[in-house]
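We will go from a cavity to ring pairs and then to the nonpolar cores.

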Amino acid sequence: MSALGGAVETAPVSSLHAFGSVNPDDFPVPTGREEEWRFTPLRRLRGLHQDAVLGSEGVTVAVDAAPEIELSERPRPSADSSFLPADRISARAFAAAATATVITVPKEAVASRPTYVTVTGTDASVATAGHLVIDVQPYGRATVVIDQRGSAVYADNVEINVADGGDLTVVSLADWDDDAVQVAHHVATLGRDAHLAHFAVTLGGSLVRLSPTVRYAGPGGDAELYGITFADAGQHLEHRLFVDHDTPNCRSRVRYKGALRGDGAHTVWIGDVLIRPEATGTDTYEYNRNLVLTDGARADSVPNLEILTGEVVGAGHASASGRLEDEHLFYLQARGIPFEEARRLVIRGFFAELIARIGLPELEDRIMQAIEGELS
């Protein structure tokens, strides 16, 4: 075997996720020509990618924890944690966050109700940094809802650790006001036989960019990543996922759905899945589907799957963007349902399967009502 052949088989072709650092100076200021920034309108980031001062005044964080949950604060994010920023904004937020809110699920504890983290933007004239840690100790089980609202310019990191046998559901709801800008980085590490269900529900804001990353620290890890997005006129909603399979016998499923309407509505979905040579027995699949409801809206969807071992259980990806099916609308109209109501029913059905997986009826109703509000 040639040296080149060996390198091709054992080293990832993509270098997008190869480097991380807690030092913002290790990352050059983006220009928009980089692959990881080419879809993001940098002029709308209000300096988050450059040198905007990051403080703690523009956002408040309140936690309503389940009785079994331990809540604490660290003076600042821990540099020796498993979290490692992968871009300049994440590193700037890591360095600037004055405190880290820590939610701990004790060993073998089962939370009796969800824990709600309410993030409220109070002032979009200043930029704010935030850091949240969710630490599930062995065999703990919990649900954490991150409810984000108000007006803000916010750069934040969420560090998720699920130890051996743990089970965690995270719902990240971005229901910001129309002028809000958020760039968030979620990094999850799963231990042996640990399970994570991560929901990214992105409805509000002028620009929201969320980057979930999953890594495995033991065999049997199972990650399910779900996304629900509705972009209205002028909104830019971007999700950039990375699932790093570097451990044998782990599983991942990625299911994202989005809808767009109005001039300038723009969604971006990047799904990167890497199966390294040592990750034998991997089972992975990802898909993204988008409904483009009006002219002037644009959906960019890029699934990337890189496989460096032939010993996998399954690996696949799919992406589709299009308009409502005329046949579906005709079927409903033929039974006496007016066009607008028929259209609403089809869109409800498009999102219903993912929304129902959240398992929190009140939150599910709120999300569906918000989607219907976008339609009206």
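Start by selecting Thr229, Leu237, His239, Tyr256, Lys257, Gly258, Thr267, Val268, Trp269, Asn288 and Asn290, which line the largest cavity. Here a cavity is a set of points, on a 1 Å grid over the protein atoms alone, where a 1.4 Å probe fits but cannot get out, and lining residues have an atom within 4 Å of a point. Colour strand 12 (236–245), strand 13 (251–260), strand 14 (266–275) and strand 15 (282–292): these elements each give two or more residues to that lining. Strands are DSSP runs of E with at least two residues, helices are runs of H or I with at least four, and both are numbered from the N terminus.

Before moving on, a note on the model: it is predicted, local features need pLDDT of at least 70, side-chain atom pairs count only at pLDDT 80 or more, and totals for chains, interfaces and linings use all residues. Residues are numbered from 1 along each chain as its sequence is written, and side-chain values use heavy atoms, with hydrogens and water left out.

The volume of this cavity is about 70 Å³, taken as the space filled by probe spheres set on grid points joined across faces, edges and corners.

Next, show the rings. Six aromatic pairs are counted, with ring centres of Phe, Tyr and Trp (its six-membered ring) within 6.5 Å; planes under 30 degrees apart are stacked, over 60 edge-to-face and the rest tilted. Select phenylalanine 83 and phenylalanine 94, a stacked pair at 5.8 Å centre to centre with 0° between the planes. Phenylalanine 83 sits in the loop between strand 3 (70–74) and helix 2 (88–96) and phenylalanine 94 in helix 2, so the pair ties together parts 11 residues apart in sequence. Phenylalanine 83 is buried at 1% relative accessible area, where buried means under 20% (1.4 Å probe, protein chains only).

Now go back to two lining residues, tyrosine 256 and tryptophan 269. What are the centre distance and plane angle of the rings of tyrosine 256 and tryptophan 269? The centres are 6.4 Å apart and the planes at 45°, so this pair is tilted.

Finally, select Ile134, Ile160, Leu168, Trp176, Leu190 and Val214, the residues with the most contacts inside the largest nonpolar core, which has 52 residues. Such a core is a set of buried Ala, Val, Leu, Ile, Met, Phe, Trp, Tyr and Cys residues joined through side-chain atoms within 4.5 Å. Strand 6 (residues 141–162) gives the most to this core, with eight residues. A second, separate core of 28 residues includes Val171, Val201, Leu324 and Val346.

Conventions: 1 Å grid on protein atoms, 1.4 Å probe; cavity = no way out; pocket = protein on both sides within 12 Å on 5 of 7 lines; lining within 4 Å. Buried < 20%, exposed > 50% of the residue type's maximum accessible area, 1.4 Å probe, protein only.
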